Structures are given as C-alpha cells and as structure tokens.
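My notes follow in the order in which I worked.

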Amino acid sequence: MASLKEMRNRIGSVKATQKITKAMQMVAAAKLKRATEQAENARPYAQRMSAVIANLARGVTGDGAPKLLAGTGQDKKHLIVVATADKGLAGGFNSSIVRAARERIQHLINDGKDVSIIAVGRKANDQLRRLYGDRIIDRHLLSDHKILSLAAAQPVADRILSEFEAGNADVVTLFYSRYRSVISQVPTAKQLIPAVVDDGSEPVDLAGAAYEYEPSEEAILETLLPRNIAVQILAALYENQAGFFGAQMSAMDSATRNAGDMIAALTLSYNRQRQAQITKELIEIISGAEAL
Amino acid sequence: MADKLQFSLVAPEREVFAGEVDQVDAPGVEGDFGVLPNHAPFMTALREGPVTVRIGANRRTFAVKGGFADVTPEGLTILAEEAAEASEA
C-alpha cells in the first residue's frame, strides 16, 4: 500500500491533469463553434460546384470529355489522399480516418495496383509512415496555415493535378472525416478523379432551351474541374476541422470525467488509510497507558 | 413584371448573397452581361469586377474576382474565387 504522502501526491497530480483536460475541452468547444460555422458556410459553394459540373458533364460525353471527368480509362495507378488533423488528443478521430484509408490501400495493393499516398495533416503522415513510408509522395502540414482557406487546399490540389498529368495516377481518392455531429464523425472516401458527377440530383430542366457557353464548354470545364478539386479538398478540410474539435471535446469530456472518478476513488482510499492509521496510533497510546 | 430572379453569390468560404432579385449585372470574360428573370440558360467565366444586384429600387454591389456564372431556369449562381460586398458609398 502506498504511503499517505504518495497518495496525496497522486491525488494532486490527477487533479492537475483534470484541470488540463477540462481547459482543453472548453477550448475545443469554443473552437468547434467556429469550425462548424465555417464548414457550414463552405458547403453551398462545394454543392453548387458539384451541381454545375454534374450539369455540364451530362452535355459532354464521349471522346471530347476532359480526362479529369472521364478518367484515363485505366484503373491501375491509385493516388490516395489522406486528410487528418495535425494534432491528437481527440479520441479515435485521426485513427479512424487512417484505418479507413489503410484498409483501402491494403485492398488495392493486394489487387496488384500501384498505390501512392499524399498525407495531409501531421497525424496522417505519422500513422502511415511506418507501413507505407515509401509510398508517401507528399506531405502537407495544416499548421503552416493560420486559418483554413483555399490557400491551404491549393498546394494539395496542385500536387494531385501534376501527378495526374504526369500519368502517375488514374484514380484519386480522398479520405477525410465527414462531420455529422459533435459525437459522430464518419470516415469517408471521396473520389476526386475521375470526378463523380452523379450526385443524385435531377438534371436541371432547361425547358427545351439550349445551354450557351462563353467561352466554349470545354474551356469552362477545363478550368472548372481543377478548381473543383481544390474546393472539394477545402470542404473536406473544413469538415475535418469541425469533426476534430467535436471529437476532441468529447474525448476531453470523458477524460475529465474519468479523472473525477479517479480522484473520488483515491480520496476514499486515502481517507480510509488515514483513519486506519489514526486508529492504530490511538490503540498504541491506549494500550501503552494501560500497561503503566 | 412579377417574376423574380433567384440569385446566389457564393465564395469558397461562405455564401455572400442569396435571395430574390430583379436584375444582376456581371462582368463576363467576353463582355459584361445582365441577367433578368427567365433568362435563357447559359454559363460563362467571369473577370475581376463589380457585380451589381438590383432589388426593387435598391442596388447592391459586390466585388468579384474570378469564377463562373451559371444561369439556369432556376436562377443565377455565381461561383466566385473571391467575393465581398463593396462598402456602402
């Protein structure tokens, strides 16, 4: 049994830990609010973009279709983009994204595909490095950017596009966590190239009128598709950020609660031991007095 | 002219404007254009410049940099790279 002093120290240190987790929980809660707002504000753009592309894609088919839309016609080289947060202490948030990505990567490797990886966020790199270190072709840190904006997503998109144009990727898939609620983030795979245009929306009824394009249809698609990749990545980063703070908040909440339980248990046994010692000392004094 | 035009102006970070308007003037790469309700469907890339929105007697101006305008029977959507409302003059 630990001495009373040791137990006192132990209780003190758990209390200090609890203060930290409590503070982190409150900070995460405050940041979560902003992050969810940001994620929600960014949604219309990504949605409209998808809708516009879906609309365009219906008109452009066959050989004239840009490769970003139609794909290279092959399914050999896969580029997996894994987006996580930079930081941990958020329960299984990063791990669950990485696990989903790892399953896919392993599956592809088993099927004999070429797989390369772009890691976005420090944790993605950390957790994939051991298994697939030689496959990671690029790393991006989110902490390079104070606020998440298109500037954070653009370098990732540029790298994807240059790999695609160099013929190093036929299919590009992005892994991130979709933010559903504070306690629910869903690891999600989204195919970036070839662009998935079937978003389930009804084609816009043009009422018999023909779409007009300025400049040409192809020129618009050619600028729109690369932009779309950056936008989809940005949207994923926003979702990730919101999910991260949500996960961190609930992880820190349960950590705080666990620390509380631990303090209660430790205090109980501390008091019990203290009482036992006092009783023992009393018995010694009394029996000492009786012996006289 | 009871019809209104459904107009939304969205930037990557947020939706800058959404609502019913009477007319929108925007700078296309091949010339400025105006959109009234029930415009024929068309799509164009945008230059940097002002987008003017007329709602009844009011006018609001937004600065837009790059992006696309998409006119469908449902309305006009501008996907801008950057967009902000010009400060009231």
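Before looking at helix packing I noted that axes are lines fitted to C-alpha atoms, for helices over the stretch in contact, and that angles run from 0 to 180 degrees between N-to-C directions. Helices (H or I, at least four residues) and strands (E, at least two) are DSSP runs, numbered from the N terminus. The model is predicted, and local features need pLDDT of at least 70 and side-chain atom pairs pLDDT 80 or more, while totals for chains, interfaces and linings use all residues. Residues are numbered from 1 along each chain as its sequence is written, and chains are lettered from A and ligands numbered from 1 in the order in which they are written.

**Entry 1: a helix pair in chain A**

I looked up helix 3 (residues 93–110) and helix 4 (residues 122–132) of chain A, and found that they pack at an angle of about 35° with their axes 10 Å apart. Their crossing is right-handed, a term used when the near helix is turned clockwise from the far one by less than a right angle. Helix 3 of chain A brings Asn94(A), Ser95(A), Val98(A) and Ile105(A) to the contact, and helix 4 of chain A brings Lys123(A), Ala124(A), Gln127(A), Leu128(A) and Tyr132(A); two residues are in contact if their C-beta atoms, placed from the backbone, lie within 7 Å. By class I read 5 nonpolar, 3 polar and 1 charged residues in this contact, where Ala, Val, Leu, Ile, Met, Phe, Trp, Tyr, Cys and Pro count as nonpolar, Asp, Glu, Lys and Arg as charged, and the others, Gly among them, as polar.

I then asked which residues of helix 4 of chain A are buried. They are Lys123(A), Ala124(A), Asn125(A), Gln127(A), Leu128(A) and Tyr132(A), buried meaning that 20 or more other C-beta atoms lie within 10 Å of a residue's own. Their cover includes strand 1 (77–83), helix 3, strand 2 (114–120) and strand 3 (136–140) of chain A.

**Entry 2**

Beyond its neighbours within four places in sequence, Ile233(A) touches Ala153(A), Val156(A), Ala157(A) and Leu174(A).

I also checked Leu192(A), which lies in strand 5 (residues 184–193) of chain A. Leu192(A) counts as buried because it has 24 C-beta neighbours inside 10 Å. With neighbours within four places in sequence set aside, its contacts are Ile160(A), Val172(A), Thr173(A), Leu174(A), Ile229(A) and Gln232(A).

**Entry 3: where chain A meets chain B**

I found 24 residues from chain A and 22 residues from chain B in the contact. Helix 1 (4–59), strand 6 (212–214) and helix 6 (217–291) of chain A each supply at least two residues to the side that touches chain B, and helix 1 of chain A gives the most, with 7 residues. That side of chain A has 17 nonpolar, 3 polar and 4 charged residues.

Strand 6 of chain A pairs with strand 5 (residues 42–45) of chain B in the parallel sense over 3 bridges, pairing requiring that DSSP finds at least two bridges between two strands. Met43(B) is the bridge partner of Tyr213(A).

**Entry 4: strands of chain B**

Strand 3 (residues 23–28) of chain B pairs in the antiparallel sense with strand 4 (residues 31–35) of chain B over 5 bridges, and a hairpin joins the two through 2 residues. Here Ala26(B) stands opposite Phe33(B).

Terms used:
A residue is buried if 20 or more other C-beta atoms lie within 10 Å of its own, exposed if 12 or fewer, and partly exposed in between; C-beta atoms are placed from the backbone.
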